[in-house]
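Trainee: Please take me through one part of this model closely. I would like to look at its pockets, and then at the aromatic rings.

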Amino acid sequence: MKTLVFATNNKHKLEEVRQITADWVNIVSLEEIDCQEEVPETADTLEGNALLKARYIKEHYGFDCFADDTGLEVEALNNAPGIYSARYAGPGHDARANMRKLLREMEGKENRKARFRTVIALILDDKEYLFDGIIHGVITAEKKGESGFGYDPIFMPDGYTQTFAELGDALKNRISHRALAVHKLAEFLSSLS
């Protein structure tokens, strides 16, 4: 089984990806390689931020690794919050504040179309690869559901009548933007063996 470092400090993302990949990749956390620093995310695209994080781990720790960056892109807000999704309401990664700000900005807007997009950058044997996953949906008028994290309580994927937070982790981990990107990563890794 291939071992890869997942360059994230987000415990929710780490757990979600471990659940998705449990059968075919051994995921090692930054904590497990004793990486305590916050990896910089200064690019202006999801692809750029994912590559920055993966390159940092490869350069400083020497491990094959992957990193992701995810953004919620809301059509009526010119695809905001996008790369600023985690810090939309300020630097503190406050999911509740981010949701409150987004719901305030959506008041009175008829177009509620949105999409979640995840980009994964993989560095394997000193080569770089990119994988992406996109899921379309709408922003709800209020928070619904208790599972998941981030914007899950206000994002309803197309084809469903419940938010990610209402659908539960098992179903979300099969259909989400991150799941789609991780499955592309998995297919690629399995094609190498």
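Mentor: Start with the largest pocket, whose volume is about 680 Å³. The model is predicted: local features need pLDDT of at least 70, side-chain atom pairs count only at pLDDT 80 or more, and totals for chains, interfaces and linings use all residues. Residues are numbered from 1 along each chain as its sequence is written, and side-chain values use heavy atoms, with hydrogens and water left out.

A pocket is found on a 1 Å grid over the protein atoms alone; it is an open set of points where a 1.4 Å probe fits, with protein on both sides within 12 Å along at least five of seven lines. Lining residues have an atom within 4 Å of a point. The volume is the space filled by probe spheres set on the points, which are joined across faces, edges and corners.

Four elements each give at least two lining residues: α1 (11–21), β3 (65–74), α3 (95–106) and α6 (177–192). Strand β3 gives the largest share, 3 residues. Helices (H or I, at least four residues) and strands (E, at least two) are DSSP runs, numbered from the N terminus. By class, the lining has 10 nonpolar, 10 polar and 10 charged residues. Here Ala, Val, Leu, Ile, Met, Phe, Trp, Tyr, Cys and Pro are nonpolar, Asp, Glu, Lys and Arg are charged, and the others, Gly among them, are polar.

The second largest pocket holds about 200 Å³. Its lining includes A95, R96, M99, F149 and P153. That lining splits into 4 nonpolar, 4 polar and 4 charged residues.

Now the rings. The whole structure has 6 aromatic pairs. Rings of Phe, Tyr and Trp (its six-membered ring) pair if their centres lie within 6.5 Å; planes under 30 degrees apart are stacked, over 60 edge-to-face, the rest tilted. F116 and F155 are edge-to-face, 4.7 Å centre to centre with 65° between the planes. This pair joins distant parts of the chain: F116 is in β5 (residues 113–124) and F155 in β7 (residues 155–157), 39 residues apart. F116 is buried at 5% relative accessible area, and F155 is buried at 0%. The rings of F155 and F164 are 5.2 Å apart at their centres, with planes at 50°, so this pair is tilted. F164 is buried too. Buried means under 20% relative accessible area, exposed over 50%, partly exposed in between (1.4 Å probe, protein chains only). Together F116, F155 and F164 make one aromatic cluster.
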